[in-house]
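Good morning, colleagues. Please keep the display in view as I speak.

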Amino acid sequence: HLLVQRADYRDLFTTRKTFMTRNLGPIYRVPVAEDWEAYEFPEGDERAGILTQVSFLALHARSARSSPVLRGEFVLDAILCSKIPPPPPDVNFDTLTPGDPTAPTARERLAAHRIEPSCAGCHDMIDPIGLALENFDAIGQFRTHEAGAEIETYGRIQGTDYDDVVGFHQALRGAPRVTECMVRKLYMHAVGRVSVAEEADVLDALDADFASTNYDFVTLMRNVALTHGFRATSGPKEVGE
C-alpha cells in the first residue's frame, strides 16, 4: 500500500483490500483456496483498514474477551500521539469482567469508570475509540451482540462523531492528528530520539509537504532523510546521563 502502490497513507484505515491465508479464512468467514490470496471486502462491510485485522484486534484484547481499553490506548498513543497516564493504583478492575446481567456489554461496564473522577479524564478519551471496535471479539471475529445485548459502537474522535465502526474508520482517516503523528513518529525513529522544541518548524514543514504529495509515504521518508536532524549526531552521552 505505502511502498509499492504509493497510495494515500490515510487509506490504511479505510482500505478494504487485504490478503488471506487458509488459517485466517475461517476467522474472517471468507473462503480461501490458497495462502496469501488477495481479497477485498465488499462495500459496507465492517472490515476496513488495519484496525479491523485480527492481528491488531487479538493482540489488543484479553485472553477471553475484547478490551476497549487496550485498543483505545493503542490508537491514542501510536496513531494520535496522545499519551495516557497509567491508572491509579486503587482502580477496581472487577467491574470490567463480564458476568453482571445488569451490565452485559463493555460500554455499560466501562460506565463505572467514566463516573469515577480519578478515572473519567482518561476513559473519556479511551472509551469512545475502543468501543468503536467492540463488534470484534477477543480473536477478532465479528459479532453484533454480547451476552444477548446489542453492541453499540457510536462515539467521537478528534471532534468528529460516528455511529458505527464504518464511521469510525472514516473519522480516523480524516483526523489531522493522524498524519501529524505519523510525521512525528517517523522523524523520531529516523533521528533516534524525541524531537525538541526547536524542531517544531521542521515537523510542520514535513507535515505540509506530506499533505501536498497526497500523503505519499515514500516522499515523506525521503524528506525526513534530507533534514539536518537525520544527518547530525546527538553526540556521546555524558557520564551518568
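Let me begin with a term: a salt bridge is a side-chain nitrogen of Lys or Arg within 4 Å of a carboxyl oxygen of Asp or Glu. Please also bear in mind that this is a predicted model.

With that term in place, consider Arg109, which forms a salt bridge with Glu146; their closest N and O atoms are 2.9 Å apart. Arg109 belongs to helix H4 and Glu146 to strand S3, residues 145-146, so the pair ties together parts that are 37 residues apart in sequence. Are these two residues buried or exposed? Both Arg109 and Glu146 are buried.

Let me now step back to the chain as a whole. It contains 10 helices and 6 strands. Along the principal axes, its C-alpha atoms fill a box of roughly 60 × 50 × 35 Å. Of its 241 residues, 43% are buried. The accessible surface comes to about 13,500 Å², and carbon and sulfur atoms account for 54% of that area. Among contacts with a separation of 6 or more, 58% are between residues 24 or more positions apart.

I turn to the interior. In soluble globular proteins, nonpolar side chains tend to be buried together. In this model, the largest nonpolar core has 41 residues, and the members that touch the most others are Tyr9, Phe168, Leu172 and Leu220. Which helices each supply at least two residues of this core? They are H2 (54-59), H3 (68-79), H4 (106-114), H5 (117-131), H6 (165-173), H7 (176-191), H8 (200-212) and H9 (217-225). The greatest contribution comes from H7, with 6 residues.

Setting aside neighbours within four places in sequence, Leu172 is in contact with Phe13, Leu51, Val75, Ile79, Leu80, Ile157 and Val178. There is also a second, separate core, made up of 6 residues, among them Met20, Tyr28, Val32 and Val54.

Let me return to the charged pairs. The whole structure holds 11 salt bridges. One of particular interest for its sequence separation joins the side chains of Asp11 and Arg173, at 2.7 Å from N to O. Asp11 sits in the segment before strand S1 (17-20) and Arg173 in helix H6, so that distant parts of the chain, 162 residues apart, are linked. Asp11 has a relative accessible area of 22%, which means that it is partly exposed, the cut-off for buried being under 20%. The pair also belongs to a network of salt bridges that links Asp8, Arg10, Asp11 and Arg173.

A further salt bridge is formed by the side chains of Arg16 and Glu43, at 3.9 Å from N to O. Arg16 lies in the segment before S1, and Glu43 in the loop between strand S2 (37-40) and H2; the two are 27 residues apart, and the pair links distant parts of the chain.

Asp207 is buried yet has no salt bridge. Where is the nearest side chain of opposite charge? It is that of Arg177, 9.1 Å away. Not counting residues up to four places away in sequence, Asp207 touches Thr179, Glu180 and Val183.

Val4 is found in the segment before S1, and its relative accessibility of 76% makes it count as exposed. Val4 and Val218 are 214 residues apart in sequence, and their C-alpha atoms are 9.3 Å apart in space. Pro31 lies in the loop between helix H1 (25-28) and S2; with a relative accessible area of 74%, Pro31 is exposed. Between Pro31 and Thr21, 10 residues apart in sequence, the C-alpha to C-alpha distance is 9.4 Å.

That concludes my remarks, and I thank you for your attention.

Key. Residues numbered from 1 in each chain as written. Predicted model: local features only at pLDDT ≥ 70, side-chain atom pairs only at ≥ 80, totals over all residues. Heavy atoms only, no water. Helix = DSSP H or I, 4+ residues; strand = E, 2+ residues; numbered from the N terminus. Buried < 20%, exposed > 50% of the residue type's maximum accessible area, 1.4 Å probe, protein only. Contact = heavy atoms within 4.5 Å. Areas by Shrake-Rupley, 256 points an atom, 1.4 Å probe, with all protein chains shown as cover. Core = buried A, V, L, I, M, F, W, Y, C linked by side-chain atoms within 4.5 Å. Lys, Arg positive; Asp, Glu negative; His and termini not counted.
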